[in-house]
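Good morning, and thank you for joining.

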Amino acid sequence: MAESMAHQSAEQVRPVSAAGRRRRRASQDGKGWIFVGPFLAVFALTFLAPIGYAIYLSLYRNQAFFGGKVFVGIDNYTEALQDPKFWEAFGRVAAFLVVQVPIMLILALLAALAIDSARLHASGFFRIVIFLPYAVPGVVAVLMWGYIYGDNFGLAANLNDLFGTTAIQPLSAHWMLPSIANIVTWEFVGYNMLIFYSALRTVPGELYEAAAIDGAGTFRTIRAVKLPALRGAIVIATIFSIIGSFQLFNEPNILRTLAPNVITTYYTPNMYAYNLSFAGQQFNYSATIAIVMGVITAIIAYVVQLRGSRESL
Amino acid sequence: MKVHRRGIRRLVVAGAAVIALAAVAACGGGSSNDSASGGATTGSSDAVDAALKAGGEITYWSWTPSAEAQVKAFMAQYPNVKVNYVNAGTGNDHYTKLQNAIKAGSGAPDVAQIEYQALPQFALPGSLADLNQYGFSQYESAYTASTWAAVHAGSGLYGLPQDSGPMALFYNKEVFDKYGIAVPKTWDEYVAAAKKLHAANPKAYITNDSGDAGFTTSMIWQAGGQPFKTDGKNISINLADDGSKKWTGTWNNLVEGGLVSQIPGWTDEWFKALGDGTIATLPTGAWMPGVMESSVKAGAGKWRVAPMPTYDGQPATAENGGSTESVLKQSKNPALAAAFVRWLNHDEGVKPFLASGGFPATTADLKDSAFVDKASAYFGGQKINQVLTAAAGNVVKGWSYLPYELYANSIYGDTVGKAYQSKSDLNAGLKSWQDALVTYGNQQGFQVNP
């Protein structure tokens, strides 16, 4: 990909070499920096500095009570890579990712195609209703679902009473992850639907006309026109979802009060980093976990990006 | 191609967002160990009086229900002192902010509420001022023995006790009468009552326990266990000592037998279950009546209080919860801060605290017949304070918490909680808790179980 990029930019530069030279001279005056400066300053302050500081932290070990700061090199990283708690947490969000993200994106895709199909009455209403959960603050949403899931007094309890069973236990160890997946799906289907829908709106009408003239039916049009047009949007939605899955925090953290023994302090990598830091004062190791997780996420997102940009989906 | 390039930029931004979470971890960092210096002025009882006369401004962090009223009353009495009251959250939220301010070296209050179980965690690294320097050791006789011990770490005195939580057995008399259950005096009787109740009504449980570190430590305390001992850098942890085993020997019957409700405490479900008879008893601290009156309205008239069941029938109990107010080392005016603490928990401040339904640590109030013999309408007219004040005198001696009790509590669900979840042997859970605590202690520079 880097190669094709370079190729492309070389193509762009060549025909306007005269203008390019003038621009280069201008940049030597330093005027450009005046425009870029504010951005760079904020970028460095809020983005590069924290990352740099986290990396710095991850190379030390600080004892909360006695001793002090010791340089330990990559010891924290070696520990993290061998930490069963970290890998348990990682495995959990990975499983979550593999199951939940496809379900959510397919639902979002179906919703977007349905609303775009122009066969739906009151499509604006559906668009708003599907999007609405995204507008509910995440914390409120989880609290609400907590009530629904409660198997002593919540909706789950009522259903159990109704059917005379105790089978519905959304907060038990076996069902917790699917229960969280359900909340996340509910929250984000509308958001992804909107991404897909807006991509569909950019398809020029001529393409549909051409498809119709060629005798394409609804499904043929979806396959030949709409899905190819959606490819970029799907790749982006997938990447956002991957990042969201790896960053899973709010939902399990809030449900923890309802199921403290099911959701451990290292239920997800983010929760692990958070609890190491704020419950255990292990800031150095916490920073290490966060960096390792960040790198893994970046790699996976990058691979998805590479695959997604190929011709076939 | 356009999509392609935009995608790359998005990827960079997205990847960056992920790495930025590292910043969350980074925020908590900062160089430490400089917090111990500064503000280490020595003073005396006179210095406290002088500071109070001179006046000034201090900041006070607390989540005590009466805190605001107390601050108002204090400032009315000493108009030249300005107290900035901040509710920085309850429990862990409060401690996290306090810990961060201490680490940062600035921003901590002059006076902070700290629970007894958390006191060593702040006292041992030198974050709190030793009040012995102001001659506060003279107030020893004003407090119960157990709370006076609780405000010490080593030989240092790090606060004056605000309240106490001697444990008693709160029980739903209506449920007991309905199923013909007598109030248990021993833990064996308690287990028998649990079986009888659950057999008679499968929806009812003797109590709820889904695993709670504070409850576990208090129960081990009551059984005479001393699993945590700290001497400077040396810590010994033994969660399989006689007391611990005594407790698991009883409690395993309830957990393994599925005789305790899994409803976690302090949730809406819990309050509801306390009101409708689903949970029939609560072995808990003497501060519970206030909570029940405000949050379990449906239980009015149904509940009563009895002494804690014991292992041999002889009275014995433990403390559960309770707080002190401490002076931070960071304070610019520690003498004035100490004066405020003295007023809060020794002088006039105790009155507004009691008025809000608090349970005192001061012996004079515990003996005051107006307090002891007060009939409680919520508890069917029972003079509950007779039971509770008697409990305050029966607290088993010799208990101490870990210097990192807050961390210990935070990982309780990861370890002992698993035993609760699988309804299996609590000893195995305590073992894995101990292992994790030993590892952590050694990482933090202690010598644990050398």
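Let me begin in chain B, where strand β1 (residues 56–61) pairs with β2(B) in the parallel sense over six bridges. Two strands count as paired if DSSP finds at least two bridges between them. Strands (E, at least two residues) and helices (H or I, at least four) are DSSP runs, numbered from the N terminus. Within this pair, Gly56(B) has Val81(B) in β2(B) as its bridge partner.

Before I continue, a word on the source. This is a predicted model, in which local features need pLDDT of at least 70, side-chain atom pairs count only at pLDDT 80 or more, and totals for chains, interfaces and linings use all residues. Residues are numbered from 1 along each chain as its sequence is written, while chains are lettered from A and ligands numbered from 1 in the order in which they are written.

The strands β1 and β2 belong to an open sheet of five strands in chain B, with the order β2-β1-β3-β12-β6 and mixed pairing. Why is one side of β2 (81–86) and of β6 (160–161) of chain B left without a neighbour in the sheet? Both stand at the edges, and each has a single partner strand, so one side of each has no neighbour there.

Two helices accompany this sheet. Helix α4 (residues 67–77) of chain B packs on it and touches β1 and β2 of chain B, its direction making about 170 degrees with that of β2(B). Contact here means that C-beta atoms, placed from the backbone, lie within 7 Å. The angles run from 0 to 180 degrees between N-to-C directions, with axes fitted to C-alpha atoms, for helices over the stretch in contact. Helix α14 (residues 334–345) of chain B lies across β1, β2, β3 (111–115), β6 and β12 (323–327) of chain B, at about 160 degrees to β12(B).

Chain B also holds an open sheet of three strands, in the order β10-β7-β11 with antiparallel pairing. Its edge strands are β10 (281–285) and β11 (303–307) of chain B, each pairing on one side only. The average twist from one strand to the next is 30 degrees. Strand β7 (residues 167–172) of chain B joins β11(B) over five bridges in the antiparallel sense, and Phe170(B) stands opposite Val305(B) in β11(B). Helix α18 (residues 384–392) of chain B packs on this sheet, touching β7 and β11 of chain B, with its direction at about 30 degrees to that of β11(B).

How is chain B divided into domains? Domain 1 covers 45–164 + 321–367, and domain 2 covers 167–318 + 377–448; such bounds come from an automatic or database domain assignment. The C-alpha centres of domain 1 and domain 2 of chain B are 28 Å apart, and the contact takes 16 residues from each of these domains.

Turning to chain A, the assignment gives domain 1 (17–58) and domain 2 (76–308). Their C-alpha centres lie 35 Å apart, and four residues of domain 1 of chain A are in contact with seven residues of domain 2 of chain A.

Finally, confidence. The model scores ipTM 0.80 and pTM 0.83. Mean pLDDT, the predictor's confidence in each residue from 0 to 100, is 89 for chain B and 87 for chain A. Over residues 1–41 of chain B, pLDDT stays under 50, and over residues 1–16 of chain A pLDDT likewise stays under 50. Where pLDDT is low, the predicted coordinates should not be read in detail.
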